[in-house]
Amino acid sequence: MNFLAHIYLSGNNEFIKIGNFMADGIRGRKFEDYHPEIQKGILLHRAIDTFTDAHPIFRESTKRLHERYHHYAGVIVDIFYDHFLAKNWTNYSDEDLEEYISRFYQSMHKHHDLLSERAKGILPYMEKQNWLSSYQSIDGIHEILSRMDRRTDNNSNMRFASEELKEYYSEFEQEFSSFFEDIKAYCSSKLNTL
């Protein structure tokens, strides 16, 4: 799962959303340095990643990409799944996607002092390049994957992955739909235990 899915799976608590968003940059027990609700978001993020990586449907999606992209296959499928969440947003939320995204950015600015340094650094680029909204289109996905590829000095070849997205579009979408029902149920239960 990438940014949009992590935020969505956090429920309605803005601190949990913030923690879930910035969790990748927080190692080990460093999460204990943050507001208690942000800690829950960080722990939820870790639980989502563990659940996702072990899920047979997610693994089926990554298998299609392993030969060409090796250990980047999971990262690519995370992005693909965010595409299908954004594309099918009305199946998962009554709130307009653009309004949802805008509300998330407002929350990030309102609680800017609680963000990690990494999250503070990412936020301006995320807004300016409209990352969350760009998940809706294949062109947007291509641009995101190309930016990520540049960060690997073009060694990951992720810039080409939209080719597989187009070729196996219906398979990836079906896998996402099935997987997302499972992870929604998992997160709903997990949020009650954090």
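1. Ala, Val, Leu, Ile, Met, Phe, Trp, Tyr, Cys and Pro count here as nonpolar, Asp, Glu, Lys and Arg as charged, and the others, Gly among them, as polar. On that scheme the lining of the largest pocket has ten nonpolar, five polar and seven charged residues.

2. This is a predicted model, in which local features need pLDDT of at least 70 and side-chain atom pairs count only at pLDDT 80 or more, while totals for chains, interfaces and linings use all residues. Residues are numbered from 1 along each chain as its sequence is written, and side-chain values use heavy atoms, with hydrogens and water left out.

3. The largest pocket has a volume of about 570 Å³. A pocket is an open set of points on a 1 Å grid over the protein atoms alone, with protein on both sides within 12 Å along at least five of seven lines; a cavity is a set of points where a 1.4 Å probe fits but cannot get out; lining residues have an atom within 4 Å of a point. Grid points are joined across faces, edges and corners, and a volume is the space filled by probe spheres set on the points.

4. Of the 22 residues that line the largest pocket, N2, F3, D24, V75 and M148 lie nearest its centre. Two or more lining residues come from each of α1 (3-8), α3, α5 (73-87), α7 and α9 (138-151). Helices are DSSP runs (H or I, at least four residues), numbered from the N terminus.

5. The second largest pocket holds about 240 Å³. Its lining has 15 residues, with Y8, L9, G11, N12 and Y92 nearest the centre. α11 gives the largest share of this lining, four residues. By class the lining has six nonpolar, four polar and five charged residues.

6. One cavity of 30 Å³ or more is found in the whole structure. F3, F21, M22, S116, R118, A119 and I122 line the largest cavity, and α7 supplies the largest share, three residues.

7. α2 and α3 (residues 36-54) pack at about 50°, with axes 6 Å apart. Axes are lines fitted to C-alpha atoms, for helices over the stretch in contact, and angles run from 0 to 180 degrees between N-to-C directions. The angle makes α2 oblique to α3, given that under 35 degrees counts as roughly parallel, over 145 as roughly antiparallel, 65 to 115 as roughly perpendicular and the rest as oblique.

8. Residues of α2 in contact (heavy atoms within 4.5 Å) with α3 include F15, I16 and M22.
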